[in-house]
Structure formats: C-alpha cells, structure tokens
Amino acid sequence: MKPQRLSAALSVALAIILAYHADAHGRGGKQEKNNSAKSEEIVIDFPVGGKMQTAWKVQYIAHNPGAGLVITGAWFKTSPAAQWLKVVENIRLSEIFVPYNNGTRIYDIGAQADYSLLKHTKEDAGLNGKLLQDGRVVQEFRDTGVMWKYYDKVRRGQEMVLWSTLGASNYNYIMEYAFRGDGSLTGRLGSTGKNYGNHETTGHMHHGCWRIDIDLDDPEHNTAHLVRRLEPKGGKVEDVVEPFNKGIEGGAKWVAEEFTRVRVTSKKTNSANKLIGYELHALRPGTPRHWGGQEKFTQFDFWVTPQQWDETYYVNLPKFVEQKRSIKDANIVLWYMSPAYHLPRDEDGIFINPQGKAQVRGVAHVTWCGFELRPRNVFDKTPLYP
Ligand SMILES: [Cu+2]
C-alpha cells in the first residue's frame, strides 16, 4: 500500500481510470506472449525422491514490475505411462483489493502496477528452498502431512511450491502456488508487513482477486457447473449440479450452508466413463460485500466468463458479463475473490507511541487467503497409497 492517505473517492476514481487503462492495454497473455520475460518450466515427479507415480509440469513468469508471479501453464500426469493432461493456461492475481473500515480504498496491483518483486535470500527460502529467477522466485518442497492413514499403513502428501513477494510499500504480498502429488493445486495470497500509516488500528481487508484460466484437456470444450449440497428441514439431502448461471457468463455466491463450489468438466472421460473435471474450492473465513461505486465486483464470490485476453481486470467483471456470452462447452475463465480480514491486534506490534499516539512500529504477521483446485474423476482410482 502507498503510505500516502488516499480519500475513498479519490482512490475509487483512480481505480476506475486504471481499470480502463489496464484493459485498454491488454495487460495479460497477449502481451505476455510478446513480453521479453519468458516462461520457465519445471517438471516434478511425485513422490519426490521416490519411484514416480504422478507428475506436474509447471510454467511460470515472474512479472517485474507488474502482476507478479503468474502461472502460465500446468499439466498433470496421473501415472508414468499417462499423457500430460492440461489443467491450467494461466493463473494470476488480477488485483489485491484493500478496503478499510473507515472508507479508505486501496488497489494494490491494478492501481500500483509498478510495484516490484523482492529479491529473496537463503533466509527467505528456508531449509528446503531454492532461489530461482535471480532470487525473485522461491521454490520449496513441502511435506503436507498425512494424506491417508489406515492402521499400520500411512501415506504422506507432498507439494512443490513456487512463491514470490510483491513489495507494496508498507505491505509485502506473498503470491504462492502449490502443486501436489494428488493432482490438486492451491493459490494463496499472504499479506504481511507493517500496518498502514494513520490506520494502525483500523480494521481492513486484503482480498485476493484471482483470474483462473483453467484449460482442462481441450480448452475450447470446458463447461462450468455450480455444485451445492442442500439439506432442507424435513426434506431430503441432495447434491445439486447445475450449469453455472444457466450457461451464461455471470456470478454466483458462496453459501456456507451449501458447500458451494465450481466444477469444470472437459469432454474427456476416465476409464469409468465419468467426465474428468476440476473443482474450485473456496478457502475462506467469511464473506465480504462492499458498496462503493466501483465495488460491484464484490457482490459475487465466483464469476465465470469466456476467455478473452483483453479482459483481465477483476474490477471490470460486472461490465464484462453484461455481454451475456455463453460459457457452455467453451474456453472459460474462473474468477474468485479470496477474502481476508485483518483487525489489528497487539500482536501486530507496538502501534501506540508513549504519548498515546498511533504510530507504525508494527509487525503484521502473514494473513493467508486463497483457493484450491481439486481433481474430480481425473484418476480412475488413486495410485497414492502404499
Ligand atoms: Cu492488514
């Protein structure tokens, strides 16, 4: 966040201007393809250090300055003999929206696209980390704990993690992508740094506004569904799978009581003749709605649009979907806002000086938000047990 205080009206106006600017200049893949920065590729076999069972192939770009760490392709292999299955064309944080309870509004990517990725050190990378891209990207292998347990048998999970840090004035944003041996992947945004000047005790949110261009197998033939679990009082429990927004681009709300998720299916089937798919699962502590002039994009938690490289800015979603294009059997993009609420606490560090005046000396520990993409009927059966 910029240290200067912006009035709510001014920052909203700025966001609007930059939103149009961002889209007019096609901040996104087209530009990416002509960009001097080129994708790096990593292939990882799982289990790491053991006999291969599954694998991920991941491409990424560390945009500096700009959108930060962007996944530019990801393919998964369910067995050593299997073909690569394309899962992702592009995942990026389109925006980090930071609304304060007192009305201050900050847009940390779209409005400040000149922020740079930090150069990390061995201390950042930790025991299992490796520095890539001149230290702008950290690669880590993590044990994710027990994945399966049955009496004397156990299987632990592993993930390959790529992360970068965007230095956004008083805040540092960790952009993290983890690819797991079971075919799932997560995108997480970690907000850390120092509390904002003159707002040291003001509650505020750091929302990750993700653009998730999923390309499952043949990218032109993907369909999004809204999946819910209903348990009406006195009624039957039902799992409902419906075309997302009746097959037209638009938004949907995450409903805690319904375990809402978005499922994307391809035309391909597994050997049990089920459509292979991936589900977007919300990892969230709550649901924010904001009511400023340009904040209609917060009225839904999930959005789906057709893929268009000149449509990359999250804030413009309500305008994009006015086109009412079909998202059935098409090349589609999922959009998800992962919310985080930060109500400063004494653990953030001393933020009241001896004269009783608010003062930034504070250490804001990381608050995480994000999502998971989880395979559904990609495997015929899991190979991941002893
Ligand atoms: Cu914060």
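My entries follow, from the overall picture down to single residues.

**Ground rules.** This is a predicted model, so I noted that local features need pLDDT of at least 70, that side-chain atom pairs count only at pLDDT 80 or more, and that totals for chains, interfaces and linings use all residues. Residues are numbered from 1 along each chain as its sequence is written.

**Overview.** I began with the secondary structure, and the protein chain comes to four helices and 22 strands. Helices (H or I, at least four residues) and strands (E, at least two) are DSSP runs, numbered from the N terminus. Next I looked up burial: 42% of the 386 residues count as buried. A residue is buried if 20 or more other C-beta atoms lie within 10 Å of its own, exposed if 12 or fewer, and partly exposed in between, with C-beta atoms placed from the backbone. I then turned to contacts, where two residues have C-beta atoms, placed from the backbone, within 7 Å. Among contacts between residues at least 6 apart in sequence, 66% join residues at least 24 apart.

**The core.** Which residues have the most contacts inside the largest nonpolar core? I found Val-262, Val-304, Leu-334, Trp-335 and Tyr-336, in a core of 76 residues. A nonpolar core here is a set of buried Ala, Val, Leu, Ile, Met, Phe, Trp, Tyr and Cys residues joined through C-beta atoms within 7 Å.

**A covered strand.** I moved on to β19 (residues 302-306), which is mostly covered, with four of its five residues buried. Strands pair if DSSP finds at least two bridges between them. β19 runs antiparallel to β16 (residues 250-252), joined by three bridges, and Phe-302 in β19 is the bridge partner of Ala-252. Five bridges also join β19 to β20, again antiparallel; there I saw Thr-305 opposite Val-333 in β20.

How many of the six residues of β15 are buried? The count is zero, and I wrote down β15 (residues 238-243) as hardly covered. β15 still has a partner: six bridges join it to β14 (residues 223-230) in an antiparallel arrangement. I spotted Arg-228 opposite Val-240 in β15.

**Two cis bonds.** Phe-46 and Pro-47 are joined by a cis peptide bond with omega about -5 degrees, and Pro-47 sits in the loop between β1 (40-46) and β2 (54-63). The bond from Asn-64 to Pro-65 is cis too, with omega near 0 degrees; Pro-65 belongs to the loop between β2 and β3 (68-77).

**Positive phi.** Asp-329 is not a glycine, yet I read a positive phi of about 50 degrees there. I located Asp-329 in the loop between α4 (317-320) and β20 (332-338). Why does Asp-329 count as partly exposed? Because it has 14 C-beta neighbours inside 10 Å. Asn-377, another residue that is not a glycine, has a positive phi of about 60 degrees and lies in the segment after β22 (364-376). With its 16 C-beta neighbours inside 10 Å, Asn-377 counts as partly exposed.

**Last stop.** I ended at Gly-197, in the loop between β11 (185-193) and β12 (204-205). Gly-197 counts as partly exposed because 16 C-beta neighbours lie inside 10 Å. Its C-alpha atom is separated by 8.4 Å from that of Asn-170, 27 residues apart along the chain.
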